[in-house]
Amino acid sequence: MTMLTLGRWAVRLVASAVVMILATAPAAALDAVTFGTNWKAQAEHGGYYQAVADGTYERYGLSVTIRQGGPNINHPQLLAAGKLDFNMGGNMFGTFNYLANKVPMVTVAANFQKDPQILMVHPDSPYQKLEDLKGATVLISKEGQITFWAWLKNAYGFTDEQIRPYTFNPAPFIANKSWGQQGYVTSEPFAVEQAARFSPRVFLLADHGYRSYSTTIDTSWKLVEENPDLVQRFVDATAIGWVNYLYGDPSAANALIKIDNPDISDAQLTYSRAKMNEYGIADSGDALTLGVNAMTDDRWLSFFTFAVDVGPYSQDLPLDRGYTLQFVNKGVGLERKRELLAKQ
């Protein structure tokens, strides 16, 4: 055997040994993360389920367990108690409530640039614009009265005398052609279409000046300060999950959603996803250039100022402890979005 041949043999031996070591070495342990949603599994949670289904969380070193919300489940309380690592906030009022009650939680991302909240009316009603509903009977939930209804009163002069209770049953709205009703653009219009075979006229409040972020990612300041890398990976992976769900194939995520929530239909999932894209619920405004999950100081301050004016919040609340931009506005997902759109 020549020296050259011996050298080649030795290199092959070393390479084979390295391959064997790598093949038998245990995989790096994933960081376990528990995330709570704000309701039963649905398309409005699709980005999270997508990131589980297509392995995005795993590629970011995370093993994510999604705990769906629902009636009598208080995930904000479980987050504050340390039983969850992250929780899905409904809107910015939740952040202000944490501040008002001195609960050290923080919003680290906003999945939805537009709150999906709507008012809807019958297609043949006289209400052509949102402002036309001033003085009309509108079905509003108790939670709605202290959130978006406060904005409607402030911005459009609506009054509490207009309100009738909304019990999450569309039948009273369907039966009364002169009434309006609250809802989500991704949900209640579909329920009306299925039950009554007509498509209601929809007013998306976000397109009329309602500036609350929605479907936020909330966590504890403790986790942010002690393990910012984990928070960053969760925020980034979730952004990729949302891009894949909205612009790619959502079937794997929808299959997981239906495991958690067997009552949801394929038609509902398809409708909700289509409406999120049509109205730019997750991907519009700042998200178009900063990436899904974008937030800005200006928008937080603007909405906080409104909330102080109309609600029980003090101007002295430390707004800078309610949210942080540390983990967002990095353009995560923009390249992936371009790739997926190029394939369409």
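Reader: Which residues are the closest to its centre?

Author: V292, F327, V328, N329 and V332, out of 13 residues that line the largest cavity. Lining residues have an atom within 4 Å of a point.

Reader: Which helix gives the largest share of the lining?

Author: Helix α11 (residues 228-247), with three residues. Helices are DSSP runs of H or I with at least four residues, strands are E runs of at least two, and both are numbered from the N terminus.

Reader: OK, what is this model, and how are things counted?

Author: It's a predicted model, where local features need pLDDT of at least 70, side-chain atom pairs count only at pLDDT 80 or more, and totals for chains, interfaces and linings use all residues. Residues are numbered from 1 along each chain as its sequence is written, and side-chain values use heavy atoms, with hydrogens and water left out.

Reader: What's the average pLDDT?

Author: The protein averages 93, and 92% of the residues score at least 70. pLDDT is the predictor's confidence in each residue, from 0 to 100.

Reader: Where does pLDDT stay under 50?

Author: Over residues 1-26, for which the model has one contact (heavy atoms within 4.5 Å) beyond four places in sequence. Where pLDDT is low, the predicted coordinates should not be read in detail.

Reader: Switching topic: why does K114 count as buried?

Author: Because its relative accessibility is 18%; buried means under 20% relative accessible area, with a 1.4 Å probe and protein chains only. K114 is in the loop between β4 and β5 (117-121).

Reader: What does the side chain of K114 make a polar contact with?

Author: The side chain of D207, at 2.9 Å. A polar contact is a pair of N or O atoms within 3.5 Å; within protein, one must be able to donate a hydrogen and the other to accept it, and residues adjacent in sequence count only if both atoms are side-chain atoms. The K114 side chain also reaches the backbone oxygen of Y279 at 2.8 Å.

Reader: And which residues of α5 are buried?

Author: In helix α5 (residues 92-100), they are M92, F93, T95, F96, Y98 and L99. Their cover includes β3 (86-91) and α15 (297-310).

Methods
1 Å grid on protein atoms, 1.4 Å probe; cavity = no way out; pocket = protein on both sides within 12 Å on 5 of 7 lines; lining within 4 Å. Buried < 20%, exposed > 50% of the residue type's maximum accessible area, 1.4 Å probe, protein only.
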